[in-house]
Amino acid sequence: MTTEHTQESQGKIGHTRRHFLAGAGGVAGALALGTAGSARAAAGKRVAVLGGGVSGLSAAHELAERGYAVTVYEYYDALGGKARSMPVPGTGAGGRADLPAEHGFRFFPGFYRNLPDTMRRIPVPGNANGVHDNLVSGTEALFARAGGRPDLHFPLRRATTPPRPGDLTLSWLRDQILSVLDLGTRLPAHEVAYFADRLLVHLTSCDARREQVWEKVAWWDFIRAEEMSEEYRTVLGVGQTRNLVATRAEVASTRTVGRVIIEALLLWGLLGRGMDGDADIDRILNAPTSEAWIDPWEAHLRSLGVEFVLGTQVREVRHGGGRVTGVRVSARDGGDERTVTADHYISALPVEHARLTWGRGLRAADPQLAKCDALQTDWMTGVMFYLRTPTPVVHGHINCLDSPWSVTAVGQAQFWGGRDFPRDYGDGRAHDCLSAIISEWDKPGILYGKTAKECTKEEVVAELWAQLKDGLNDTGKTVLRDEDRLGWFMDPAVTGLGGPEPRNREQLLIHPTGTLYNRPTAHTRVPNFFLAGDYVRTDVDLATMEGANESARLAVNALLKADDSDAERCRIWELYRPPELEPLKRVDELRYKLGLPNTFDLG
């Protein structure tokens, strides 16, 4: 590649390399869970799965193992949805593959357990635990500061000696929180103490208080960010919400932020509780996502008999006589319109696309579908920078805390142990790939004074690069050099930038207060229609690949129940609940019923 490069396309994304998949299907049968009885129960039953992202593939996987005939209908010409890799066309030379690109970097926190279970059941030659063995740990996080402020480094290794039962007391937890914040931040002591006390309130709140009170309170208000220092607001407000899940702290649900990001990801992750085996807090794949995960998954599903109809847009889920009677589909350009039928239907499209396919009759049959109109999505899309020299920066993720566009990033090549950029990809000149994500598209930048949506693609790239340098090059050490930047790529789902109607076909569900009340269940009142996707109500309660996988398991279990099947149900892992805190939550449950605040809530 000799010039700065971006990809403009109409959604036609080709497959990445598959040469390493030879023989992957040979051991597929050994991993099937379906018994002879369940296969008989499913004999002749057909399921149409609408959408080939993580939730759709997860549902297809579980159903195929139980003997169902599954057909997946996918809009793109490749599977994996937002998780997939895509090649940068025309960049390969000398027998090398095109440079790999993605919607944004993928990471797999240690508290994920449903998705890792699926990954273990996707065979890969030489991997005893299938795709799961392609996960590698990120060992630290860098909170990069601009304006000469000292950067914050956090080690992300789980505790080698987790607290024993009985050791995990509130005073012990408070001491741990205080020590981490004292060492890792430069916040005033009274603000650190206040934040620690607020966490104790959430940790000891009963489920009812969380769902009926904290779900309605913004994280910003819960931690009293407005009354604190700018540093407090940046590190503990914006840094934990906008930069990580594209939700503004001013509106983000305290229940979601506190339960998933603070507790499951950080607190229990650091203590090594509720984790996927011996996983560390942060994990990344050891190759581009499709190579390491999606392509082996597709090969395995095909070996189980799953069929894929690609390049297909779902137009309408048709309803009549109390059931779904078929699905009207077409080619992406609108041609070849037809109706496909099955015994059961699982809608696994992202919510912003799924709800457009639910007609008046279907919505009338189940009022929870109409509630999905209130669910909100936002932009969280990345740019891949290809560099001439290895530039790992940090062995994990970078969070540019002061960037107006809430930029996060990761140096990819350091984790791709079995791949070598100059040998395997491009024209031999790229030695690294810095994958950066913009979570805030509606605030002015530092270079042009425009929001990301107001910028052209070229301006977005220049502005993003400037914000990365502002965070990484501001302390006298030059980490990113302009002359090292070889090229770039942005997801072609983003179109119209710099014009009157910028669009992003691949948005992210966000979690403002009250979101929980509008999230649907996987089962509907229509007996042959089920929902899967990260917007479906799950225990993980966050738009994640884990939530997508968990929702698919819930949808399949509901389908099996509706089918009166004797097949083994999908196992569901829920977020970790430390037994030491359960007595305090029971006390809080009583206080909540009496109209009293949490014991530790001193205002």
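The second largest pocket

Modeller: Helix H6 (207-212), helix H10 (254-271) and helix H17 (545-562) each give at least two residues to the lining of the second largest pocket. Helices (H or I, at least four residues) and strands (E, at least two) are DSSP runs, numbered from the N terminus. This is a predicted model, in which local features need pLDDT of at least 70 and side-chain atom pairs count only at pLDDT 80 or more, while totals for chains, interfaces and linings use all residues. Residues are numbered from 1 along each chain as its sequence is written, and side-chain values use heavy atoms, with hydrogens and water left out.

The lining of this pocket has 34 residues, and nearest its centre lie Arg-255, Arg-259, Thr-538, Asp-539 and Val-540. On a 1 Å grid over the protein atoms alone, a pocket is an open set of points with protein on both sides within 12 Å along at least five of seven lines, a cavity is a set where a 1.4 Å probe fits but cannot get out, and lining residues have an atom within 4 Å of a point. The second largest pocket holds about 580 Å³ of space, a volume being the space filled by probe spheres set on points joined across faces, edges and corners. Its lining has 15 charged, 13 nonpolar and six polar residues; Asp, Glu, Lys and Arg count as charged, Ala, Val, Leu, Ile, Met, Phe, Trp, Tyr, Cys and Pro as nonpolar, and the others, Gly among them, as polar.

The structure has five cavities of 30 Å³ or more, and the largest cavity holds about 60 Å³. Residues lining the largest cavity include Glu-102, Arg-106, Phe-108, Gln-412 and Trp-416. By class, that lining has six nonpolar, two polar and two charged residues.

Trp-488 is in strand S19 (residues 485-490) and, at 3% relative accessibility, counts as buried (under 20% relative accessible area; exposed is over 50%, partly exposed in between; 1.4 Å probe, protein chains only). Trp-488 and Val-536 are 48 residues apart in sequence, and their C-alpha atoms are 34 Å apart in space. Phe-385 is buried, and so is Trp-465. Phe-385 lies in strand S15 (residues 381-387), and Trp-465 lies in helix H16 (residues 457-472).
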